[in-house]
Amino acid sequence: MRQSFFRFVRTLHITRVLVRYRLDEVLYFLPLLKPYQAVLRLNPMTWLAPRPQGSFAERLREALETLGPTFIKLGQMLSTRRDLLPDHITHELAKLQDSVPPFPSNVARQIIEAALGKTLDAIFSRFDDQPAAAASIAQVHFGQLLDGREVAIKVRRPGLQWIIEQDLAILALLADLAERYSQEGRRLRVRAVVAEYAKVIRGELDLLREAANASQLRRNFAAEPELLYVPEIYWDYCTSPVLVMERIYGIPIGQRAALHDAGIDFDQLSRRAAEIFFRQVFRDAYFHADMHPGNIFIDPKNGRFIAVDFGIMGSLDDASQHYLAENMVAFFRRDYRRVAEAHVEAGWVPADTNVQDFETAIRAIAEPVFEKPLNEISVASLLLRLFQTTRAFHMQTQPQLLLLQKTLVNVEGIARDFNPALNIWEVATPLLTEWLSRQRGPQGWWSELKRYFPQWGLVLPEMPVLLHNILRQTQQGELPLVIRSNDIQGIRQELHNGLQKLTYSVGGTFIVVGLGIIAALEHRLDSPVLHLPVWAWLIILPTALWVGTRWVRSIFVRRD
C-alpha cells in the first residue's frame, strides 16, 4: 500500500512536469488515456502557468532533465534511436547532460564509513572533500590509501535507488499498456526495450557490479595494453554504494589542443578507437557502452586509450554477433541478397518475407551510399538506414542492439573527429573477416569441441543405457509420444466458436430459404415440395440441422 501511494505521488509529479512543459499530449497515443486529457485540462495550472518557450524537442529535453536521472538516461538512449524518432528530436536529446550539483562531502563521508564499516582515517591517508566530478548517479572524490596508492572513490547519491525503482515501475506500466493497446507498440517490443533499459540503469546503481564490469574489461585487454587501459579495482574497499579504484592520469579526449601539445598522433588515435570497438564487439562480445568523451582519456606517454565509468556495458549473443558480422561484410561486398537472407535466418523478420523484395529495398538504400568514397561512408548511418527500411518488413526491435547502436555512433564520431578521412571499413573488414573464418573454420570447430567437451564427458556414460531403453520400448511398442502445447485450449475454443458461427449461419440460411418457399407458395402449407407438404419440411429441416450439428461437434470437439 505504501509503495502504491508513493508511486501514485510520483506519477502525479511526472504528469505535473509534462503539463508544465506542454508535453502531456505524449500520453494520448493510447486511446485508453484519452479521458485523462480532459482531467488535465481542468487543472488550473494548465491555464495559469506561463507557456514554455522553445520547440517540442527542446521542451522534451528540459522536461527529462527536470524529472531526474531515470529520464535523463532514457533520453540519452533514445537520442541514438533515429530509426524511431525524427532527427530534430534525437539531435536535441543528444544534448542531455548528466551533470548535476554535488551533494555535501560530509554526506559522502557518512556513506563511505557506513558501507565499509570503518572510519575514513582507517582507510585513507587523504580524502579530498571537493568532488572531482558529479553526475546524476554518483560523484567522485580523489584520495590516497594508507599504503600510498592514489585512488578515485565513487559514491552513489543517497535516496536515489528508491526514486529510480518508482520510475521504472511507471515506465513498465506504460510499456505494458503500449503493447496491449497499440500494434506499433507490439512491433517495437516496448516492454522488452524498457526491461533492457531497467537492467542497464539498475546496473549503474550497483557500484559492485560496475567494479566487476571493469575487472572483466581489464582482463579482456590485458594482452593489448597499447590499445586500452582499464584502472585496477581495489576490491577490499568496494560495496554496492562505494567503488574505489586506481586513479588515472590522462588528457580528456575532448581537449584537442592539449593532445596536440602532447604529440599525440591523431590518425593513430582514430584507428585505435575503431579497432577497440570492433575487438570488444566481435572478439569479446562485451563492450563499454558509455563511450562518450567524458569517459575517455588519452595517456600522454604512449597515446593509448584510458576508459572510466563502467556502469553501462553491452553484451551480444552468438546470433547477434553473426548477424552484425554477416551484414557488415555483405554490405562492404555489396551482396545485398546475403543481407536479406541474414535477417530471415536470424528470425528478425518474418519467415515468409519475400527475400527478393527485401533485397531490392536494401539495394535502394545502400547503392547511393556506396557511390561516395569509402572514407565518407558512415557505418552507423548505414545500419540506421537499414533498421529504418526493415521497419516496413515488420522487423521487431532487438533490445540487445540498442546499446550497440549508441556506442557505434559515439565511437565513429570520436574516430572521424580526429581523422575525417578515416576509412572505417578498412579497419573493420579484416577484423570481421578474420572473426567469421575463425567461427566457421577448423579453429571454430575446435573451440566448440573444447567448450562442450566437459558436458559431453558427463553425458556419454549415460548414453548406452538411454539408447537401450529407447530401442526396447520401440520393439515392444511402448515408446510414448507426448505432445504438449499451451495453445491446445485456445485452438479448442476457436473451433467451438467457429462451429457455433457455422450453426447459426446454416440455421439462418434454412430459415430464410423456408420463408422464401412459404412466400412463393403464398402460404399454402398443404402444397407439396418434393412430394412432401411444407409443414413436414418445417419439421424435418430443423431436426436434420440439429442432428448434423451434434454429429460434427462429436467429431471435432472431444471431451478430456
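## Asp309 and its surroundings

Leaving aside neighbours within four places in sequence, Asp309 is in contact (heavy atoms within 4.5 Å) with Lys154, Glu210, His288, Asp290 and Asn295. The side chains of Asp309 and Lys154 are joined by a polar contact of 3.3 Å. A polar contact is a pair of N or O atoms within 3.5 Å; within protein, one must be able to donate a hydrogen and the other to accept it, and residues adjacent in sequence count only if both atoms are side-chain atoms.

Asp309 itself lies in the loop between β10 and β11 (313-315). Helices (H or I, at least four residues) and strands (E, at least two) are DSSP runs, numbered from the N terminus.

## Basis of the description

The model is predicted: local features need pLDDT of at least 70, and side-chain atom pairs count only at pLDDT 80 or more, while totals for chains, interfaces and linings use all residues. Residues are numbered from 1 along each chain as its sequence is written, and side-chain values use heavy atoms, with hydrogens and water left out.

## The second largest pocket

The second largest pocket holds about 1200 Å³ of space. Among its 44 lining residues, those closest to the centre are Asp290, His292, Gly294, Asn295 and Asp309. On a 1 Å grid over the protein atoms alone, a pocket is an open set of points with protein on both sides within 12 Å along at least five of seven lines, a cavity is a set where a 1.4 Å probe fits but cannot get out, and lining residues have an atom within 4 Å of a point. Grid points are joined across faces, edges and corners, and a volume is the space filled by probe spheres set on the points.

Strand β3 gives the most to this pocket's lining, with four residues. The lining divides into 20 nonpolar, 13 polar and 11 charged residues; Ala, Val, Leu, Ile, Met, Phe, Trp, Tyr, Cys and Pro count as nonpolar, Asp, Glu, Lys and Arg as charged, and the others, Gly among them, as polar.

## The second largest cavity

There are four cavities of 30 Å³ or more. Helix α10 (190-205) contributes the most to the lining, with five residues.

## The four-stranded sheet

An open sheet of mixed pairing runs in the order β5-β10-β9-β7; two strands pair if DSSP finds at least two bridges between them. Because β5 (228-229) and β7 (251-252) each have a single partner strand, one side of each is left without a neighbour in the sheet. β5 pairs with β10 (residues 305-307) in the parallel sense over two bridges, and Tyr229 stands opposite Ile306 in β10.
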